[in-house]
Each structure stands twice: as C-alpha cells, then as structure tokens.
Amino acid sequence: IRKTLETNEYPFDKRVGDPTAKAVTRYDWQDYMFRNALGTEQSLSISGGAGGTRYIASGSYTGNEGSMKGVSYERANARLGIDHSVNDWLSLTLDARYIRSGSKEIPNGGLPANWGAIPGFLFGPNTFDPRPDPVTGVYPHLGAFENPVEVVDLYDFQQKVNRFVAG
C-alpha cells in the first residue's frame, strides 16, 4: 500500500462527560490489515503447421494478491486453434478456449452497513489490540463495528468462474 492513514496516537482516552482521562495503549490496525502484495503473469504459446494445416496452442496464468490481507485474484486460460484448408474453396477451423478465474474478497461495509474491515478501522477505537486472544482465539469486539482484523482473518468471500468458449 502506498500510503496509510494517520492514526490517533494520543496516550490518553477521555470520553465525553467523563472528567478523568485514562492512560491507554494505541494500535495502528493498518499493520495487521494491509501487506505488500505480489503479482505474477506467465504465458506460453506454440504455433506451427504443415501443408494446409496450421495450429496454435497457448496458455497463461495471472495471480495477484490484494494490498489488503485475505484478498486475491487468479486467472488461468488455455487455447487451442486449428485451421485446415481442404481445397481452394473450403477450410475448417476449430477454436476452443477454457478460462478459469477466481477471487477471494472480504466485506468492506458501506454506508448502511457497520460490518467490514474499512468501517471498523475508520470508526472504531484503536485503544485495544485487535488480534485474537492467544489462548482462546477470540477476537475483541468494537461494539457497533466489526473488528477489522477479524474480518481480514476470517471472512472468506470467494467467486469462481469456469468458461468454455468454442467455435
């Protein structure tokens, strides 16, 4: 991620109507939500032919991590094409493609929703460690908003698409 948001680092917490201020530890939740993401893309193509026949076979793969942990996208495809000239006025062509794509996503709330990683980060208090308890594995809660680290770690919204196109 190119730039993170500034967070409240003031070492005391004073609530409205409370005359005392409590000493608190503050956490930058962005450290637990974002990452340096990697992406890759490869492709291979073979073509040739002899006489009245030509062919091509190709494949490719793309994989990208999201800058938010738990988010990714992958796509793989393969193609086979054959063209054969039977005579001067007739040729036969076959083209077949297979594409498989998939993504992993996490919810990011929205105006009517309090759940998601981003609303929890933007509007939740950063006065507690958002990581799960090492003994129980239970994540602390923010009250009205979801714990953004819990959303990143546990939510798993997936989409998978398989397509076959031929002609």
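A residue counts as buried under 20% relative accessible area, as exposed over 50%, and as partly exposed in between. The structure described here is a predicted model. At 47% relative accessibility, Arg54 therefore counts as partly exposed. Asp83, at 17%, counts as buried.

These two residues form a salt bridge. The closest N and O atoms of Asp83 and Arg54 are 2.3 Å apart. Asp83 lies in strand E5 and Arg54 in strand E4, so the pair ties together parts that are 29 residues apart in sequence. Beyond its neighbours within four places in sequence, Asp83 contacts Gly52, Thr53, Arg54, Ser91, Leu92 and Thr93. Tyr55 is 28 residues from Asp83 in sequence, yet the two C-alpha atoms are 6.3 Å apart in space.

The whole structure contains four salt bridges. Another of them joins the side chains of Arg79 and Asp95, at 2.9 Å from N to O. Arg79 sits in strand E5 and Asp95 in strand E6 (residues 90-105). The two residues are 16 apart, and the pair links distant parts of the chain. Asp95 also meets Arg97 in a salt bridge, at 3.1 Å from N to O.

Strand E4 (residues 53-65) and strand E5 (residues 72-87) run antiparallel and are joined by 13 bridges. Asn64 stands opposite Tyr73 in E5. E4 and E5 form a hairpin with six residues between them. In that turn, Gly70 has a positive phi of about 85°. E4 also pairs with strand E3 (residues 39-50), again antiparallel, through 12 bridges. Here Gln42 stands opposite Tyr61 in E4. The E3-E4 hairpin has two residues between its strands. Gly51 in this turn has a positive phi of about 60°.

Nonpolar packing was examined next. In soluble globular proteins, nonpolar side chains tend to be buried together. The largest nonpolar core has 14 residues. Those with the most contacts inside this core are Trp29, Met33, Met68, Ile106, Ala117, Val149 and Val152. Helices H1, H2 and H3 are the elements that give two or more residues to the core. The largest share, three residues, comes from H3. Met68 touches Met33, Phe34, Arg35, Ile106, Asn108, Ala117, Ile118 and Val152, not counting residues up to four places away in sequence.

Trp29 also takes part in an aromatic pair. Four such pairs are found in the whole structure. The ring centres of Trp29 and Phe128 are 5.5 Å apart and the planes lie at 55°, so the pair is tilted. Trp29 is in the loop between strand E2 (22-23) and helix H1 (30-33), whereas Phe128 is in the loop between helix H2 (117-123) and helix H3 (148-154), so the pair ties together parts that are 99 residues apart in sequence. Both residues, Trp29 and Phe128, are buried.

Glu150 is buried yet has no salt bridge. The nearest side chain of opposite charge, that of Arg131, is 13 Å away. Beyond its neighbours within four places in sequence, Glu150 is in contact with Tyr139, His141 and Tyr155. Asp83, by contrast, is buried and does form a salt bridge, with Arg54.

Key:
Residues numbered from 1 in each chain as written. Predicted model: local features only at pLDDT ≥ 70, side-chain atom pairs only at ≥ 80, totals over all residues. Heavy atoms only, no water. Phe/Tyr/Trp six-rings, centres within 6.5 Å; stacked < 30°, edge-to-face > 60°. Helix = DSSP H or I, 4+ residues; strand = E, 2+ residues; numbered from the N terminus. Buried < 20%, exposed > 50% of the residue type's maximum accessible area, 1.4 Å probe, protein only. Lys, Arg positive; Asp, Glu negative; His and termini not counted. Contact = heavy atoms within 4.5 Å. Pairing = 2+ DSSP bridges. Core = buried A, V, L, I, M, F, W, Y, C linked by side-chain atoms within 4.5 Å.
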